[in-house]
Amino acid sequence: MDQHGDCATSFTCAMSLSDQGVSSIPQCYILPPSQRPNTNHVSISTTLPIIDLSTLRDQSLRSQTINEIRIACKEIGVINHGIDESTMKDALEVANEFFNLPNNEKMCLFSDDVHKPVRYGTSLNQAKDEVFCWRDFIKHYSHPISDWIHLWPSNPSTYREKMGKYAMAAQILQYKVMEIILESLGLNHQSYLHEEIKGGSQVVAVNCYPACPEPDLTLGIHPHSDYGSITLLLQTRSGLEIEDKNNNWVPVPFVDGALVVQLGDQMEVLSNGQYKSVIHRAIVNGNEKRFSIMSLHSFAMDKKMGPAIQLVDDQHPKCYNEFSFREFLEFLSCNDVSKGRFLDTLKLI
Ligand SMILES: O=C(O)CCC(=O)C(=O)O
Ligand SMILES: [Fe+2]
C-alpha cells in the first residue's frame, strides 16, 4: 500500500469513482478543513467586471472600454467575451465524448510527465500533491496547430476537427485580447505582438469534474495561478472561484456563451506587478458533471520574459526576474503547486 492508501492502486480516475456511484470519497481526496470549499466564504462585496469587447469597434467608446479593462486587470482580471457559439458547443460536446470513452482507451494517453505535448491526467498524476483533485483532464499543445494536431486523440473521430476549430478561434481571440491589454499598459504592442505573441505557445487543457458525492470535502483543482500571459476559459456550468485581494474566494458566475479571461504569471511579470495573476480553484458539484476548456497562452517556450523596460523606473523598480515557459515546466515537474507559486520564486522585492 502506498502513502495514499488504496487510492492510487484501486482507482484510476475521478470519472470511474463517480460512475461506480461511490457514496463517500476515498481519504486521499479529503482536504484539511481549512482548505475545503466554503469554509472561508464571508459576505463578499467583490463583483466581477463584465466587459463587452464589441464596443472596441466604436472609436468613441474605445478609450472608455480600454479604461474599463485596465481597471478590471488591476482589480481582478476577468473579462467576458464570446467566440462563435457553435464552435464552443462542438468543443464541449466532443470533450464530453472523450471523457465518456472507456478508461483503458484514455489511459493510453496517460502521462505524468509535464513535458509531454499531449497527456491525459487523472488523480494519479497528482501524486506529488498530498491530496488528490476530483478532476480528469487532457492537455495538448495547440499552436501552431499543424505541428501538434496529429498527436491529439483520434477517438472520438471528430475530436481533432472540433477541438481544433475551437483552439484556433481561441488563438485568434487571445491575440485581440493581448493587444488591448498591452495597450491598457501603455506598451507598444506592435513589437510584442509580432514575435512574442504570434509565435507564442498555446496549451489547451480540457477538464472534466465528475459529480462528487462529498463536494464539501474536496476540490476539482487546488488553488494556483496559470503561468502564461492569459487564459481563456469556456465552461459548462459554474465552479471556478478566484481569490480576491482580501483572500476571499469569489465564485465566477456562469454566463452562457461567455468566456472568462484570466491573467497569468507572465502578465504579472511583464507589467512589473501592475497587473496581478489570478489565483483560482475549482469546486465540484454533488449532482452535476462540469467541463471546462482552458486555452493557456504564453510567450514562446524558450523566450525569457521579464518586466517591460517601459514599466521600470526609479519609482517602479524591477520586481521580478525573467522566466520562460520551459523553466515553469521544470518547476512544475518537481513541485507541488498547492505548496507554493512559481511566481514567488521570481520576486525580487
Ligand atoms: O476548470 C476550471 O474552472 C479551472 C481549471 C484550471 O484552472 C486549469 O486548468 O488551469
Ligand atoms: Fe488554472
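This is a dialogue about reading the features of a predicted protein model.

Student: What percentage of the residues count as buried?

Tutor: A residue is buried if 20 or more other C-beta atoms lie within 10 Å of its own, exposed if 12 or fewer, and partly exposed in between, with C-beta atoms placed from the backbone. Of the 349 residues here, 42% count as buried.

Student: Let's take a helix. What span does H7 reach?

Tutor: The expected span of a helix is 1.5 Å times one less than its number of residues. H7, residues 159-184, has 26 residues and reaches 36 Å from its first C-alpha to its last, close to the 38 Å expected. Just after H7, glycine 186 takes a positive phi of about 75°.

Student: How do I read strand pairing?

Tutor: Strands of a sheet pair through backbone hydrogen bonds, either parallel or antiparallel. Here, two strands pair if DSSP finds at least two bridges between them. One open sheet has four strands in the order S5-S10-S7-S8, with antiparallel pairing. Strand S5 (221-224) and strand S8 (249-251) stand at its edges, each with a single partner strand, so one side of each is left without a neighbour in the sheet. S5 and S10 pair over two bridges, and histidine 224 has histidine 280 in S10 as its bridge partner.

Student: Which strands are joined to S11 by bridges?

Tutor: Nine bridges join S4 to S11 in an antiparallel run, with valine 203 partnered by leucine 296 in S11. S6 is also antiparallel to S11, through six bridges; there, isoleucine 230 stands opposite histidine 297.

Student: Are the faces of S11 covered or uncovered?

Tutor: In a regular strand the side chains alternate between the two faces of the sheet. Both faces of S11 are covered: Arg290, Ser292, Met294, Leu296 and Ser298 are buried on one side, and Phe291, Ile293, Ser295 and His297 on the other.

Student: And how many residues of S9 are buried?

Tutor: Five of the five residues of S9 are buried, so S9 is largely enclosed by the rest of the structure. Leu259, Val261 and Leu263 point one way, and Val260 and Gln262 the other way. S9 pairs with S6 in the antiparallel sense over four bridges, and valine 260 is the bridge partner of leucine 233.

Student: Which residues surround ligand 1?

Tutor: A residue is near a molecule if its C-beta atom, placed from the backbone, lies within 6 Å of it. The shell around ligand 1 includes Ala205, Asn207, Asp226, Leu233, Gln235, His280, Ser292 and Met294. Strand S4 (201-209), strand S6 (230-235), strand S10 (280-282) and S11 each give two or more residues to that shell.

Student: Which asparagines have a positive phi?

Tutor: Among them are asparagine 247, with a phi of about 65°, and asparagine 272, with a phi near 55°. Asparagine 247, in the loop between strand S7 (240-243) and S8, is exposed, with 9 other C-beta atoms within 10 Å. Asparagine 272, in the loop between helix H9 (265-270) and S10, is buried, with 21 other C-beta atoms within 10 Å.

Notes
Residues are numbered from 1 along each chain as its sequence is written. Chains are lettered from A and ligands numbered from 1 in the order in which they are written. This is a predicted model: local features need pLDDT of at least 70, side-chain atom pairs count only at pLDDT 80 or more; totals for chains, interfaces and linings use all residues.
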